[in-house]
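Hi everyone, thanks for coming. Let me put the structure up on the screen, and then we'll walk through a couple of spots together.

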Amino acid sequence: MERFLCIHGHFYQPPRENPWLESVEIQDSAYPYHDWNERITAECYAPNTASRNLDGEGRILGIVSNYARISFNFGPTLLSWMEKYSPDTYVAILAADRQSIVWRSGHGAALAQVYNHIIMPLATLRDKQTQVRWGIRDFEHRFQRFPEGMWLAETAVDTETLEVLAEAGIRFTILASHQARGVRKIGASRWHDVSGSRIDPSRAYLCRLPSGRSITIFFYDGPISQAVAFEKLLNSGEQFAARLMSGFSSHRSHPQLVHIATDGETYGHHHHFGEMALGYALDHIEGNGLARLTNYGEYLELHPPTHEAQIMENSSWSCVHGIERWRSNCGCNSGGNGGWNQQWRGPLRDALDWLNSQLAACYEDAMDGCLKAPWVTRDDYIDAVLDRSEENVAAFLLRHSLRPLDEDATVNVLCMLEMQRHAMLMYTSCGWFFDELSGLETVQIIQYAGRALQLAERYCTQSIEAEFLERLSLAGSNIPEQGNGADIYEKHVKPAMIDLVEVGAHYAVSSVFEDYGEETDIFSYRAFREDFLTLRSGQMQLAVGRIFICSSITRKADRVSFCTLYFGGHALNCGVRSFLGEDAYLAMKEDVVNAFNEVDFAAIIRLMDSHFGMHTYSLRDLFLDEQRHILRFIIAGTLQEFEDKFTTLYENSRSLMGFLRDTGMPVPHRFTTTAETALNLELQKMFTSETVEIDRIGEVINELRGWNVRIDNVALEFTIRRRLEAAMAELLENPEKDEPLGKLILLVEAIVVLPIDVNLWQAQNIYWALLHSRTSDLFAGSHDIERQGIQGASWIESLRKLGELLYFNVDAQLVAKGVI
């Protein structure tokens, strides 16, 4: 009896991009990372590209990709972010799929996903079709093949959704065992009730559809999947492997497939080192011949369905009430906020459904006589989203327009298509999943709605924002001060809305701190400098200019003039407005320049009021990331003064503090606070200096312990990790040189004595790459090393020592490569 094992990971994050900037802004809760995408990538997505295989003593024997050995899907919006901000991880994921094709009889590990994770049974047929088509096209663009399977958000399913999948050419999808209603052997007439998770999950099932089409469904093993996600099964790789094997039964005579499905973030983010438990289980099961690792496409080819199944309509994997979690107060929630309710879910869904219908009508009216087939154009718009270059967008519009489009018509069409894109983004499932209307995920989808409304404003025959807010006001927050949905819109959506003038304000304010050059990108906008003058007088600085700003998304453009007066520190006044003509601009420029040259700064403020009226801005109006960057620059000098004073205070008081402690008198809190700050600063500086003094590090650690104050673990670990990774990268570039290797060993030895856990993952990856890409050549050419004045044996021993410090079983690697 054949045994097959498949583990599926659903890797997904809700879109976090600012809808106006098309970029994820800094999220302080993700510290020390920029945002949660970056943090979860470091904790999960990247580690699974290089999972550790350990020996009995916890030393690394090998590094392999988990992705190539499992089944997985990534949300398209997450991959879009990863391609730009974590390209190494992105490339490794694509490579894993290619490797799995080699290993799994031509079938890739990767599945597609409905585009932005909407609950498909609650979507219109038109939106269902677009979600599937965008998901397929995005997958083809990245993985360079057609997807065999597609993941449904929350595995939420109805027959119409399966029809859309089958019509698009998708061969299979994955559901929870409780989503099966009935089964029968193909050719039999009688259905057997398997509701309540009674289906045998160890085979594939054919689902025949009313249209005459069919699709295969895999119903995953619920109990094992639950144990992985919620019962700490990943605390032990051995325990995980044993539980997986328990899914096989000697009572079955068919080729069994044990398969589970969980959120991919389980392996590393939700469960620290979960990727290592996964890697161990896969190694153990495959290495001992306990089962054959496979993916769904390969198993389906080897063992086509012999049984067919019926689904539970409007069901999902994460709501016992079907799909009510995304439209009603069904009782499903995170469980962490007793006393709250989710009555807001229904009114929010109703408001967005109403808005969606209004936007659809607006789209059809605005595009009538402009596009050959507006909804076909929307389905194909993903091609422009994936490549927003001038050439590709022009070609896309040419294919779909009834006639060549001028600049204004181009902007109109792109605005309408972007309106439709945001009308789908506003249905991202996470907006209903959690407990509170004012939560980040829900505010995010309301912002998407706000962006869609803004884009629709000039094209709709009547304003629809007021009626939308009236409907949204029926959704009430659990937090009294947040009010209702309309209040949240006013507090969190309206202030986030920007137009081209506000992009110009960002440029104008930051122009006294940044040298932008002739052209620059500002998130999803491009600014072209047409005129710019800057003058200085002591701390005072004046910037006057004119720029042309164009959206890289909609091609909407405006010419903006500005005047910025910087007083030093955080004091700044800026006037910005749409360009009123050359004469008005030159008059303004001449007036403020003359006043600045006369050191009449009060006159400049009056002139700015005269020329720009109420269109004034300050540092508060900068986009968040640039604001933080400039504020760090502004406070750098002040911070240094504080640091110097803390250091001096501690050095001057250390003897007295010691005496107080020796006499048994409690050391005053102000003294220990000073010690904590000064000593942590010293540690930080040690790991950013040219050389690392191990002895002094030990002394500082002892002092911190002596005063019973904490080490700033998070900041120090991040600093050390970046220093180590840079040094390892230098070694990889120049492995033959002994100086980088010697410094590295000293650095790692210094890290070892620290009472903090430094994440060595990337450093270990680089060492592994060095061993496997260069070591054979290096060892074989040791006589060349000796000719350079380096003792080959000493160099080999140093490389071995570095590996041991990084927790490698180096000898096993050298034996495997035939070096020793």
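So, find R546 first: which residue is its bridge partner in β18? It's S561. Quick heads-up before we go on: this is a predicted model.

Okay, zoom out a bit. β17 covers residues 540-551 and β18 covers residues 557-568, and the two pair in the antiparallel sense over 10 bridges. Between these strands the hairpin has 5 residues, and R555 in that hairpin takes a positive phi near 70°.

Now keep following the chain. β18 is also joined to β19, residues 571-578, by 8 bridges, and that pair runs antiparallel. If you want a spot to look at, L565 stands opposite N573 in β19. The hairpin here has 2 residues between the strands, and G569 is where you'll see a positive phi, near 60°.

Right, on to some helices. α25 is residues 713-733 and α26 is residues 738-752. How do they pack? The angle is about 155°, with the axes 10 Å apart. Angles over 145 degrees count as roughly antiparallel, so that's what we call α25 relative to α26. Their crossing is left-handed.

And who's touching whom? From α25 you've got I720, R723, L724, A727, M728, E730 and L731, and from α26 it's P740, L741, L744, L747, V748 and I751. Sort that contact by class and you get 11 nonpolar residues, 2 charged ones and no polar ones.

Terms used
Residues numbered from 1 in each chain as written. Predicted model: local features only at pLDDT ≥ 70, side-chain atom pairs only at ≥ 80, totals over all residues. Heavy atoms only, no water. Axes fitted to C-alpha atoms, helices over the stretch in contact; angles between N-to-C directions. Helix = DSSP H or I, 4+ residues; strand = E, 2+ residues; numbered from the N terminus. Parallel < 35°, antiparallel > 145°, perpendicular 65-115°, else oblique. Left-handed = near helix turned anticlockwise from the far one by under 90°. Contact = heavy atoms within 4.5 Å. Nonpolar A, V, L, I, M, F, W, Y, C, P; charged D, E, K, R; others polar. Pairing = 2+ DSSP bridges.
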